[in-house]
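Open the model in your viewer and keep the selection panel at hand. The tour goes from stop to stop.

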Amino acid sequence: MATDLFTPCKMGKFDLSHRMVMAPLTRCRAIDEIPLPAHAEYYAQRATKGGLLITEGTVVSDTATGFPGNPGIYTEEQVEAWKKVVDAVHSKGGIIFCQLGHAGRASNHVYQPGGAAPVSSTNQSITDKWKSIMPDRTLDVYHRPRALQTHEVWQVIEQHRRAAKNAIRAGFDGVEVHGAHGFLIDQFLKDSINDRTDEFGGSIENRCRFLMEIVKVVVGEVGADRTGVRISPAIDFIDATDSDPLGLGLAVIERLSKFQAELGSKLAYLHVTRPQFMAARTKEEGKDEEARLMRAWRRAYQGTFMSNGGFTRELGTKALADGDADLISFGRLFISNPDLVRRFKVDAPLNGYNRETFYTQDPVVGYIDYPFLDHENGEVTH
């Protein structure tokens, strides 16, 4: 039988009851980087027995924030707050991974201790084409970063290890290393950004080193089967471009595969964002190039492959049936449909999402107030 969204999946030590994953989604609802009771309700609403959720990007240190309302996982108070979220998801039979992130240069002085410059692989700024969300939800430019010194790079690697340890202490089932979308790890990976001359810059091997050193310490702390990795080699978000996205993705996969072989154990998954936003002369050319890249990365990776980026029920089903992915992560559809898994199961209509409430501070509106399908008669209820 062909694989579809509701075919069970063995993901390392985890037995998933279906292949729909809630993708990491920045929602900006934390206060002082501490999750609220609303976070527990939000994630529990979207939890299903044997279903995987991945948290929003959760920062590993006080220099890692790039958004208002970002939660963290580097203090004891944050760990205690996350325990309530994890317990709420587990009470529904769900599985939850914490995405560990660092914004790097995708930040602003207002988020940095003492108003310092954000840190990055480089001193290059993100262009004014892109805007940073301020605490009052207005927009401002990203501020010029300061390139990390080599010894500081090792300190950030250590911050990821401690954050992974904290996540497991909080009860998370695993962690996802965020190496995508123009944030700090991606700033080391992409050749348009990384202009370093030390062991973390220059050759593609050196540009991959920061990611790999983080993966190694995280796996050493929590285990390979509790560690996922996210990359986006072909995404140009916040100026994160590479001259050879296919080669970059293959280089990362080659190193992950070698690491897995040395360990004798596979990572939980590799999570790859489809290159939907690549410039192409025609829409069809873009689709063809996207399919070529994703299939090359899929074939190269020996392990559970998760795909993300604009999937619908139909497109997700097709990708699984064609063998283009093992798991499909959904983002915006999960925001507005807390019972998305059930709706897809019965092919019910979906709630539309409201972009204006994606990043507000309100702990209810646009967060935990989207309606569910009534289980008895199929009507929509709150």
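**Cysteines**

Select C9 to begin: this residue is buried, at 8% relative accessible area (buried is under 20%, exposed over 50%, partly exposed in between, with a 1.4 Å probe and protein chains only). The model is predicted, so local features need pLDDT of at least 70, side-chain atom pairs count only at pLDDT 80 or more, and totals for chains, interfaces and linings use all residues. Residues are numbered from 1 along each chain as its sequence is written, and side-chain values use heavy atoms, without hydrogens or water.

Next, pick C208. It is buried too, with a relative accessible area of 1%. Zero disulfides turn up in a search of the whole structure (cysteine sulfur pairs within 2.5 Å).

**The core**

Now show Y43, F210, L211, L256, L270 and F330. They have the most contacts inside the largest nonpolar core, a set of 84 residues (buried Ala, Val, Leu, Ile, Met, Phe, Trp, Tyr and Cys joined through side-chain atoms within 4.5 Å). Colour helix α5, residues 204-222: with nine residues, it gives the most to this core (helices are DSSP runs of H or I, at least four residues; strands are runs of E, at least two; both are numbered from the N terminus).

Zoom in on F210. Beyond four places in sequence, its contacts include V153, I157, L184 and F188 (heavy atoms within 4.5 Å).

**A loop lysine**

Move to K131, in the loop between β7 (119-120) and β8 (132-133). K131 is partly exposed, at 40% relative accessibility. Leaving out residues up to four places away, K131 touches L139, D140, V141 and Y142.
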